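Could you go through the labels in this model with me and show where each one comes from? I would like to see every value next to its cut-off.

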Amino acid sequence: MERLFQYLWKHKMIQRDMCLSSGEVIEVLSPGILNLDAGPDFYNARVRIGGVEWIGNVEIHVKASDWYRHNHHEDSVYDSVILHVVAIDDRKVFRSDGSVISQLVLTFPEQFFSLYELLSREIADVKCAPWLRFVPELVSESWFETLSVERMQQKSRRILEITDRLNGDWETATFISFARALGFGLNSEPFEMLARSIPLNYLMRHSDNLLQIEALLFGQAGMLDTSIHIFDEYYQTLCREYFFLARKYNLRPMRRDLWKYARTRPQNFPHRRIALLASALYGGFNLKSKLWETKGDISQIEKLFDWRLEGYWLNHFDFDCEGVCGGTVLGKGSIYLLAINFAAPMIYSMAQAQGDPDAAEYALDLWSGLPAEENRFIANWKSKGVDCHNAFRSQALLQLRKEYCDRTKCLDCRIGNWLLRDRINHTSHQIGFSCI
(Lines give C-alpha, C1' and ligand atoms only; values in the text may rest on other atoms or scores of the structure.)
Protein backbone atom coordinates (compact mmCIF):
# COMPACT_ATOMS: atom_id res chain seq x y z
CA MET A 1 0.00 0.00 0.00
CA GLU A 2 2.88 2.38 0.76
CA ARG A 3 4.17 1.98 -2.79
CA LEU A 4 0.77 3.08 -4.11
CA PHE A 5 0.95 6.30 -2.12
CA GLN A 6 4.51 6.84 -3.33
CA TYR A 7 3.25 6.49 -6.89
CA LEU A 8 0.38 8.91 -6.37
CA TRP A 9 2.64 11.44 -4.69
CA LYS A 10 5.34 11.10 -7.37
CA HIS A 11 2.87 11.82 -10.19
CA LYS A 12 0.96 14.48 -8.18
CA MET A 13 -2.24 12.45 -8.42
CA ILE A 14 -3.56 14.21 -5.33
CA GLN A 15 -6.21 16.77 -4.46
CA ARG A 16 -5.59 20.38 -5.43
CA ASP A 17 -7.06 22.00 -2.32
CA MET A 18 -5.59 20.35 0.77
CA CYS A 19 -5.06 21.12 4.41
CA LEU A 20 -2.64 19.68 6.94
CA SER A 21 -3.79 17.94 10.09
CA SER A 22 -3.15 21.28 11.81
CA GLY A 23 -5.63 22.99 9.46
CA GLU A 24 -3.02 24.99 7.49
CA VAL A 25 -3.46 25.15 3.71
CA ILE A 26 -0.76 23.32 1.74
CA GLU A 27 0.16 23.50 -1.94
CA VAL A 28 2.51 20.92 -3.50
CA LEU A 29 4.86 22.76 -5.89
CA SER A 30 7.10 19.77 -6.62
CA PRO A 31 6.84 16.23 -5.18
CA GLY A 32 10.63 15.81 -5.24
CA ILE A 33 12.75 12.90 -6.46
CA LEU A 34 11.96 9.32 -5.46
CA ASN A 35 14.74 7.86 -3.27
CA LEU A 36 15.53 4.19 -3.94
CA ASP A 37 18.17 3.96 -1.17
CA ALA A 38 18.05 4.41 2.59
CA GLY A 39 16.55 7.64 3.94
CA PRO A 40 13.39 9.68 3.31
CA ASP A 41 11.16 8.59 0.40
CA PHE A 42 11.47 11.81 -1.64
CA TYR A 43 14.31 14.33 -1.80
CA ASN A 44 14.14 18.05 -2.63
CA ALA A 45 10.36 18.43 -2.54
CA ARG A 46 8.85 21.92 -2.59
CA VAL A 47 5.64 22.76 -0.76
CA ARG A 48 3.92 25.98 0.28
CA ILE A 49 2.38 25.90 3.77
CA GLY A 50 0.37 28.88 4.91
CA GLY A 51 1.98 31.02 2.20
CA VAL A 52 5.56 30.04 3.17
CA GLU A 53 7.60 27.92 0.74
CA TRP A 54 9.53 24.95 2.16
CA ILE A 55 12.20 22.82 0.44
CA GLY A 56 13.21 19.48 1.91
CA ASN A 57 12.41 15.79 2.12
CA VAL A 58 9.10 13.94 2.31
CA GLU A 59 8.37 10.65 4.08
CA ILE A 60 5.31 8.56 3.21
CA HIS A 61 3.59 5.96 5.41
CA VAL A 62 0.25 4.20 5.50
CA LYS A 63 -0.14 4.99 9.21
CA ALA A 64 1.41 8.00 10.93
CA SER A 65 2.52 5.70 13.75
CA ASP A 66 4.77 3.86 11.27
CA TRP A 67 7.20 6.76 11.84
CA TYR A 68 7.86 5.31 15.28
CA ARG A 69 7.58 1.69 14.20
CA HIS A 70 10.47 2.38 11.78
CA ASN A 71 12.41 4.32 14.50
CA HIS A 72 12.66 7.46 12.37
CA HIS A 73 12.29 9.56 15.53
CA GLU A 74 15.72 8.30 16.64
CA ASP A 75 17.45 8.82 13.29
CA SER A 76 18.83 12.33 12.59
CA VAL A 77 18.77 11.57 8.84
CA TYR A 78 15.00 12.12 9.04
CA ASP A 79 15.37 15.54 10.65
CA SER A 80 15.37 16.97 7.11
CA VAL A 81 11.76 15.79 6.55
CA ILE A 82 9.47 18.79 6.06
CA LEU A 83 6.27 16.82 5.43
CA HIS A 84 4.89 13.46 6.57
CA VAL A 85 2.28 12.10 4.13
CA VAL A 86 -0.04 9.40 5.47
CA ALA A 87 -3.31 7.61 4.76
CA ILE A 88 -4.26 7.20 8.43
CA ASP A 89 -3.55 9.97 10.94
CA ASP A 90 -3.29 8.01 14.19
CA ARG A 91 -0.72 10.23 15.98
CA LYS A 92 1.57 13.26 15.69
CA VAL A 93 5.21 12.72 14.72
CA PHE A 94 8.34 14.48 15.91
CA ARG A 95 11.96 14.82 14.80
CA SER A 96 14.86 13.56 16.92
CA ASP A 97 15.15 17.05 18.47
CA GLY A 98 11.48 17.04 19.52
CA SER A 99 10.15 19.44 16.86
CA VAL A 100 6.80 18.50 15.30
CA ILE A 101 6.60 17.56 11.60
CA SER A 102 3.77 18.84 9.40
CA GLN A 103 1.44 16.00 8.48
CA LEU A 104 -0.79 15.60 5.41
CA VAL A 105 -3.53 12.99 5.15
CA LEU A 106 -4.29 11.85 1.60
CA THR A 107 -7.73 10.53 0.73
CA PHE A 108 -8.79 8.97 -2.59
CA PRO A 109 -11.87 7.41 -4.18
CA GLU A 110 -12.02 3.66 -3.64
CA GLN A 111 -11.41 2.91 -7.35
CA PHE A 112 -7.84 4.10 -6.93
CA PHE A 113 -7.05 1.14 -4.74
CA SER A 114 -8.33 -1.36 -7.29
CA LEU A 115 -5.47 -0.15 -9.53
CA TYR A 116 -2.83 -0.76 -6.88
CA GLU A 117 -1.04 -3.66 -8.57
CA LEU A 118 -0.72 -1.84 -11.89
CA LEU A 119 0.35 1.47 -10.39
CA SER A 120 2.89 0.00 -7.98
CA ARG A 121 4.55 -1.82 -10.86
CA GLU A 122 4.73 1.28 -12.99
CA ILE A 123 6.62 3.25 -10.36
CA ALA A 124 9.68 1.16 -11.18
CA ASP A 125 9.05 0.00 -14.73
CA VAL A 126 8.95 1.13 -18.35
CA LYS A 127 5.38 1.69 -19.54
CA CYS A 128 5.99 0.79 -23.21
CA ALA A 129 7.98 -2.38 -22.43
CA PRO A 130 5.44 -4.83 -23.98
CA TRP A 131 5.79 -3.14 -27.38
CA LEU A 132 9.54 -2.48 -27.54
CA ARG A 133 10.12 -5.52 -29.76
CA PHE A 134 7.97 -3.95 -32.50
CA VAL A 135 10.10 -0.79 -32.76
CA PRO A 136 12.27 -0.82 -35.94
CA GLU A 137 15.98 -1.27 -35.23
CA LEU A 138 16.81 1.84 -37.26
CA VAL A 139 14.63 3.93 -34.92
CA SER A 140 15.96 2.46 -31.67
CA GLU A 141 19.64 2.35 -32.69
CA SER A 142 19.76 5.96 -33.87
CA TRP A 143 17.94 7.03 -30.70
CA PHE A 144 20.36 5.12 -28.45
CA GLU A 145 23.33 6.79 -30.14
CA THR A 146 21.75 10.22 -29.63
CA LEU A 147 21.01 9.40 -25.99
CA SER A 148 24.63 8.40 -25.33
CA VAL A 149 25.92 11.71 -26.65
CA GLU A 150 23.19 13.54 -24.76
CA ARG A 151 24.27 11.87 -21.52
CA MET A 152 27.93 12.66 -22.15
CA GLN A 153 27.02 16.29 -22.78
CA GLN A 154 24.92 16.36 -19.62
CA LYS A 155 27.80 15.02 -17.51
CA SER A 156 30.23 17.39 -19.24
CA ARG A 157 27.95 20.37 -18.68
CA ARG A 158 28.06 19.76 -14.95
CA ILE A 159 31.87 19.75 -14.95
CA LEU A 160 32.03 22.90 -17.06
CA GLU A 161 29.61 24.64 -14.68
CA ILE A 162 31.81 23.73 -11.71
CA THR A 163 34.88 25.04 -13.57
CA ASP A 164 33.11 28.29 -14.42
CA ARG A 165 32.14 28.83 -10.79
CA LEU A 166 35.80 28.26 -9.87
CA ASN A 167 36.92 30.92 -12.39
CA GLY A 168 38.59 28.38 -14.64
CA ASP A 169 40.38 26.37 -11.93
CA TRP A 170 40.40 23.02 -13.76
CA GLU A 171 42.50 21.21 -11.16
CA THR A 172 40.01 21.91 -8.37
CA ALA A 173 37.10 21.05 -10.69
CA THR A 174 38.84 17.73 -11.44
CA PHE A 175 39.31 17.10 -7.70
CA ILE A 176 35.64 17.78 -6.93
CA SER A 177 34.44 15.65 -9.86
CA PHE A 178 36.79 12.80 -8.93
CA ALA A 179 35.68 12.87 -5.29
CA ARG A 180 32.03 12.76 -6.37
CA ALA A 181 32.74 9.76 -8.61
CA LEU A 182 34.38 7.93 -5.68
CA GLY A 183 30.99 7.97 -3.97
CA PHE A 184 29.71 5.54 -6.63
CA GLY A 185 26.16 6.87 -6.47
CA LEU A 186 25.35 6.03 -2.85
CA ASN A 187 27.79 8.56 -1.37
CA SER A 188 28.32 10.87 -4.34
CA GLU A 189 26.79 13.89 -2.60
CA PRO A 190 28.77 13.52 0.67
CA PHE A 191 32.01 13.05 -1.27
CA GLU A 192 31.37 16.17 -3.31
CA MET A 193 30.55 18.09 -0.12
CA LEU A 194 33.82 16.84 1.39
CA ALA A 195 35.85 18.00 -1.63
CA ARG A 196 34.17 21.40 -1.56
CA SER A 197 34.65 21.81 2.19
CA ILE A 198 38.40 22.37 1.97
CA PRO A 199 40.34 24.28 -0.72
CA LEU A 200 42.60 22.05 -2.80
CA ASN A 201 45.56 24.39 -2.22
CA TYR A 202 45.26 23.76 1.54
CA LEU A 203 45.56 20.03 0.92
CA MET A 204 48.49 20.54 -1.45
CA ARG A 205 50.44 22.36 1.27
CA HIS A 206 50.57 18.96 3.00
CA SER A 207 50.99 16.78 -0.11
CA ASP A 208 54.24 15.36 1.30
CA ASN A 209 52.55 14.14 4.50
CA LEU A 210 49.93 11.42 4.01
CA LEU A 211 48.87 11.44 7.67
CA GLN A 212 48.02 15.14 7.56
CA ILE A 213 46.06 14.73 4.32
CA GLU A 214 44.11 11.88 5.92
CA ALA A 215 43.51 13.99 9.04
CA LEU A 216 42.14 16.86 6.95
CA LEU A 217 39.83 14.61 4.91
CA PHE A 218 38.54 12.43 7.75
CA GLY A 219 38.14 15.48 9.96
CA GLN A 220 36.20 17.41 7.33
CA ALA A 221 34.08 14.29 6.76
CA GLY A 222 32.94 14.60 10.39
CA MET A 223 34.49 11.25 11.33
CA LEU A 224 36.91 12.38 14.04
CA ASP A 225 35.97 12.68 17.72
CA THR A 226 38.56 12.31 20.50
CA SER A 227 35.94 10.87 22.88
CA ILE A 228 35.65 7.61 20.88
CA HIS A 229 38.18 4.95 19.80
CA ILE A 230 40.38 6.13 22.65
CA PHE A 231 42.71 3.10 22.38
CA ASP A 232 43.16 3.41 18.62
CA GLU A 233 46.50 5.21 18.32
CA TYR A 234 46.11 5.98 14.60
CA TYR A 235 42.64 7.46 15.15
CA GLN A 236 43.72 9.62 18.08
CA THR A 237 46.73 10.86 16.06
CA LEU A 238 44.36 11.91 13.28
CA CYS A 239 42.24 13.76 15.82
CA ARG A 240 45.22 15.69 17.17
CA GLU A 241 46.43 16.59 13.66
CA TYR A 242 42.97 17.70 12.57
CA PHE A 243 42.40 19.80 15.68
CA PHE A 244 45.58 21.76 14.90
CA LEU A 245 44.96 22.07 11.14
CA ALA A 246 41.27 22.95 11.51
CA ARG A 247 42.18 25.87 13.75
CA LYS A 248 44.96 26.91 11.38
CA TYR A 249 42.67 26.99 8.34
CA ASN A 250 39.43 27.87 10.15
CA LEU A 251 37.71 24.69 8.91
CA ARG A 252 34.26 23.45 9.83
CA PRO A 253 33.48 19.72 9.38
CA MET A 254 30.39 18.32 7.66
CA ARG A 255 27.83 16.18 9.49
CA ARG A 256 28.86 12.56 10.00
CA ASP A 257 25.30 11.27 9.49
CA LEU A 258 25.38 12.31 5.80
CA TRP A 259 27.40 9.21 4.96
CA LYS A 260 25.41 6.16 3.84
CA TYR A 261 26.19 2.50 4.46
CA ALA A 262 23.05 0.75 3.18
CA ARG A 263 23.79 -2.37 1.13
CA THR A 264 27.54 -1.63 1.25
CA ARG A 265 30.12 -4.32 1.94
CA PRO A 266 32.58 -3.37 4.73
CA GLN A 267 35.56 -3.19 2.33
CA ASN A 268 33.63 -0.54 0.35
CA PHE A 269 32.83 1.67 3.34
CA PRO A 270 33.43 5.41 2.73
CA HIS A 271 36.38 5.29 5.16
CA ARG A 272 38.48 3.31 2.70
CA ARG A 273 37.37 5.50 -0.20
CA ILE A 274 38.43 8.59 1.76
CA ALA A 275 41.78 6.92 2.44
CA LEU A 276 42.06 6.31 -1.31
CA LEU A 277 41.29 9.98 -2.00
CA ALA A 278 44.13 10.86 0.37
CA SER A 279 46.46 8.54 -1.56
CA ALA A 280 45.47 10.28 -4.80
CA LEU A 281 46.47 13.62 -3.23
CA TYR A 282 49.70 12.35 -1.69
CA GLY A 283 52.69 13.61 -3.65
CA GLY A 284 50.64 16.19 -5.56
CA PHE A 285 47.39 16.16 -7.52
CA ASN A 286 47.74 16.42 -11.29
CA LEU A 287 44.98 14.09 -12.42
CA LYS A 288 43.69 16.52 -15.04
CA SER A 289 46.83 16.51 -17.16
CA LYS A 290 47.36 12.77 -16.71
CA LEU A 291 43.82 12.05 -17.91
CA TRP A 292 44.30 14.26 -20.96
CA GLU A 293 47.50 12.42 -21.85
CA THR A 294 45.72 9.02 -21.89
CA LYS A 295 43.64 10.04 -24.95
CA GLY A 296 40.94 7.72 -23.66
CA ASP A 297 43.18 4.61 -23.59
CA ILE A 298 41.55 2.34 -21.01
CA SER A 299 44.80 0.48 -20.23
CA GLN A 300 46.46 3.77 -19.25
CA ILE A 301 43.42 4.85 -17.27
CA GLU A 302 43.46 1.57 -15.35
CA LYS A 303 47.06 2.25 -14.31
CA LEU A 304 46.13 5.82 -13.39
CA PHE A 305 43.44 4.63 -10.97
CA ASP A 306 45.49 1.82 -9.45
CA TRP A 307 46.15 3.46 -6.08
CA ARG A 308 47.20 1.25 -3.18
CA LEU A 309 46.50 1.68 0.51
CA GLU A 310 49.20 1.14 3.09
CA GLY A 311 49.59 0.87 6.84
CA TYR A 312 46.40 1.12 8.89
CA TRP A 313 43.99 0.65 6.00
CA LEU A 314 45.55 -2.63 4.88
CA ASN A 315 43.56 -4.40 7.59
CA HIS A 316 40.81 -1.94 8.60
CA PHE A 317 37.51 -1.10 6.95
CA ASP A 318 36.48 1.33 9.70
CA PHE A 319 38.19 2.93 12.66
CA ASP A 320 38.95 0.37 15.34
CA CYS A 321 37.44 -2.40 13.16
CA GLU A 322 39.96 -4.86 11.80
CA GLY A 323 39.34 -7.13 8.86
CA VAL A 324 41.16 -8.64 5.91
CA CYS A 325 40.93 -5.85 3.32
CA GLY A 326 44.22 -5.62 1.47
CA GLY A 327 45.75 -2.60 -0.19
CA THR A 328 43.54 -2.67 -3.28
CA VAL A 329 40.45 -0.51 -2.88
CA LEU A 330 39.17 -0.50 -6.44
CA GLY A 331 38.45 -3.71 -8.31
CA LYS A 332 38.29 -3.76 -12.08
CA GLY A 333 34.54 -3.12 -12.02
CA SER A 334 34.99 -0.01 -9.86
CA ILE A 335 37.77 1.26 -12.11
CA TYR A 336 35.48 0.82 -15.11
CA LEU A 337 32.78 2.83 -13.32
CA LEU A 338 35.28 5.62 -12.64
CA ALA A 339 36.26 5.55 -16.30
CA ILE A 340 32.59 5.78 -17.33
CA ASN A 341 31.44 8.41 -14.85
CA PHE A 342 34.58 10.46 -14.35
CA ALA A 343 37.38 9.90 -16.89
CA ALA A 344 35.31 10.01 -20.08
CA PRO A 345 33.20 13.08 -19.09
CA MET A 346 36.36 14.84 -17.86
CA ILE A 347 38.16 14.31 -21.18
CA TYR A 348 35.02 15.36 -23.07
CA SER A 349 34.75 18.55 -20.97
CA MET A 350 38.36 19.50 -21.60
CA ALA A 351 37.87 18.80 -25.30
CA GLN A 352 34.84 21.09 -25.38
CA ALA A 353 36.73 23.84 -23.54
CA GLN A 354 39.60 23.60 -26.01
CA GLY A 355 37.44 23.13 -29.10
CA ASP A 356 39.05 19.76 -29.88
CA PRO A 357 36.53 17.42 -31.61
CA ASP A 358 39.07 14.59 -31.88
CA ALA A 359 39.55 14.52 -28.10
CA ALA A 360 35.77 14.51 -27.67
CA GLU A 361 35.69 11.36 -29.79
CA TYR A 362 38.27 9.79 -27.44
CA ALA A 363 35.75 10.09 -24.62
CA LEU A 364 32.91 8.52 -26.61
CA ASP A 365 35.23 5.77 -27.87
CA LEU A 366 36.19 5.06 -24.26
CA TRP A 367 32.55 4.32 -23.45
CA SER A 368 32.31 2.07 -26.51
CA GLY A 369 35.32 0.05 -25.32
CA LEU A 370 34.08 -0.48 -21.76
CA PRO A 371 31.66 -3.19 -20.58
CA ALA A 372 28.13 -2.15 -19.65
CA GLU A 373 27.39 -1.31 -16.04
CA GLU A 374 25.64 -3.87 -13.88
CA ASN A 375 22.78 -2.29 -11.96
CA ARG A 376 19.03 -2.69 -11.51
CA PHE A 377 18.21 -0.29 -14.35
CA ILE A 378 20.32 -2.12 -16.93
CA ALA A 379 19.07 -5.50 -15.66
CA ASN A 380 15.51 -4.23 -16.13
CA TRP A 381 16.22 -3.18 -19.74
CA LYS A 382 17.79 -6.56 -20.46
CA SER A 383 14.71 -8.31 -19.09
CA LYS A 384 12.70 -6.38 -21.70
CA GLY A 385 14.89 -7.84 -24.44
CA VAL A 386 16.98 -4.69 -25.02
CA ASP A 387 20.60 -5.48 -25.94
CA CYS A 388 23.28 -3.81 -23.82
CA HIS A 389 26.76 -4.79 -25.00
CA ASN A 390 28.93 -1.88 -23.81
CA ALA A 391 28.96 1.28 -21.71
CA PHE A 392 28.01 3.44 -24.69
CA ARG A 393 24.70 1.55 -24.84
CA SER A 394 24.18 1.30 -21.07
CA GLN A 395 24.65 5.05 -20.70
CA ALA A 396 22.04 5.55 -23.41
CA LEU A 397 19.60 3.29 -21.55
CA LEU A 398 20.22 5.10 -18.26
CA GLN A 399 19.58 8.41 -19.99
CA LEU A 400 16.40 7.06 -21.55
CA ARG A 401 15.09 5.71 -18.26
CA LYS A 402 15.95 8.68 -16.02
CA GLU A 403 15.33 11.58 -18.38
CA TYR A 404 12.39 10.26 -20.42
CA CYS A 405 10.65 7.19 -18.95
CA ASP A 406 10.67 8.34 -15.32
CA ARG A 407 9.63 11.85 -16.36
CA THR A 408 6.84 10.50 -18.62
CA LYS A 409 8.31 12.38 -21.60
CA CYS A 410 7.09 9.83 -24.13
CA LEU A 411 6.37 12.46 -26.80
CA ASP A 412 10.01 13.62 -26.59
CA CYS A 413 11.28 10.04 -26.94
CA ARG A 414 11.77 8.68 -30.46
CA ILE A 415 10.58 5.25 -29.37
CA GLY A 416 7.44 6.62 -27.68
CA ASN A 417 6.86 8.94 -30.60
CA TRP A 418 7.12 6.08 -33.09
CA LEU A 419 4.76 3.89 -31.06
CA LEU A 420 2.16 6.63 -30.88
CA ARG A 421 2.43 7.46 -34.57
CA ASP A 422 2.20 3.79 -35.46
CA ARG A 423 -1.20 3.28 -33.82
CA ILE A 424 -2.89 2.91 -37.18
CA ASN A 425 -0.36 0.30 -38.32
CA HIS A 426 -1.80 -3.19 -38.89
CA THR A 427 0.71 -4.79 -36.52
CA SER A 428 -0.20 -2.35 -33.77
CA HIS A 429 -3.85 -3.38 -33.99
CA GLN A 430 -2.85 -7.01 -33.76
CA ILE A 431 -0.94 -6.42 -30.53
CA GLY A 432 -3.73 -4.34 -29.04
CA PHE A 433 -1.66 -1.15 -29.00
CA SER A 434 -4.71 1.06 -28.89
CA CYS A 435 -4.91 0.44 -25.16
CA ILE A 436 -2.03 2.88 -24.60
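Predicted model: local features only at pLDDT ≥ 70, side-chain atom pairs only at ≥ 80, totals over all residues.

Residues are numbered from 1 along each chain as its sequence is written, and side-chain values use heavy atoms, with hydrogens and water left out.

Q: What makes Arg-180 and Glu-192 a salt bridge?
A: The term asks for a side-chain nitrogen of Lys or Arg within 4 Å of a carboxyl oxygen of Asp or Glu. For Arg-180 and Glu-192 the closest N and O atoms are 2.7 Å apart, so the pair meets the definition. Arg-180 sits in helix α6 (residues 170–182) and Glu-192 in helix α7 (residues 188–196), so the bridge ties together parts that are 12 residues apart in sequence. Helices here are DSSP runs of H or I with at least four residues, strands are runs of E with at least two, and both are numbered from the N terminus.

Q: Which residues are linked with Arg-180 in a network of salt bridges?
A: The network links Arg-158, Arg-180, Glu-189, Glu-192 and Arg-196. A search of the whole structure finds 13 salt bridges.

Q: Why is Glu-192 called buried, while Arg-180 is called partly exposed?
A: Buried means under 20% relative accessible area, exposed over 50%, and partly exposed in between (1.4 Å probe, protein chains only). Glu-192 has 6%, so it counts as buried. Arg-180 has 22%, so it falls in the partly exposed range.

Q: How do you know whether Gln-399 is buried or exposed?
A: Gln-399, in helix α17 (residues 391–405), has a relative accessible area of 1%, so it is buried.

Q: Which residues does Gln-399 touch, and what joins its side chain to that of Arg-151?
A: Contact means heavy atoms within 4.5 Å. Not counting residues up to four places away in sequence, Gln-399 touches Leu-147, Glu-150, Arg-151, Gln-154 and Tyr-404. A polar contact of 3.0 Å joins the side chains of Gln-399 and Arg-151; the term covers a pair of N or O atoms within 3.5 Å, where within protein one must be able to donate a hydrogen and the other to accept it, and residues adjacent in sequence count only if both atoms are side-chain atoms.

Q: Why is Asn-167 called exposed?
A: Asn-167 has a relative accessible area of 74%, so it is exposed. This residue lies in the loop between α5 (137–165) and α6, and has a positive phi of about 55° although it is not a glycine.

Q: What makes β1 and β2 a pair?
A: Two strands pair if DSSP finds at least two bridges between them. Strand β1 (residues 18–19) and strand β2 (residues 25–30) have two bridges, so they pair, in the antiparallel sense. Met-18 stands opposite Ile-26 in β2.
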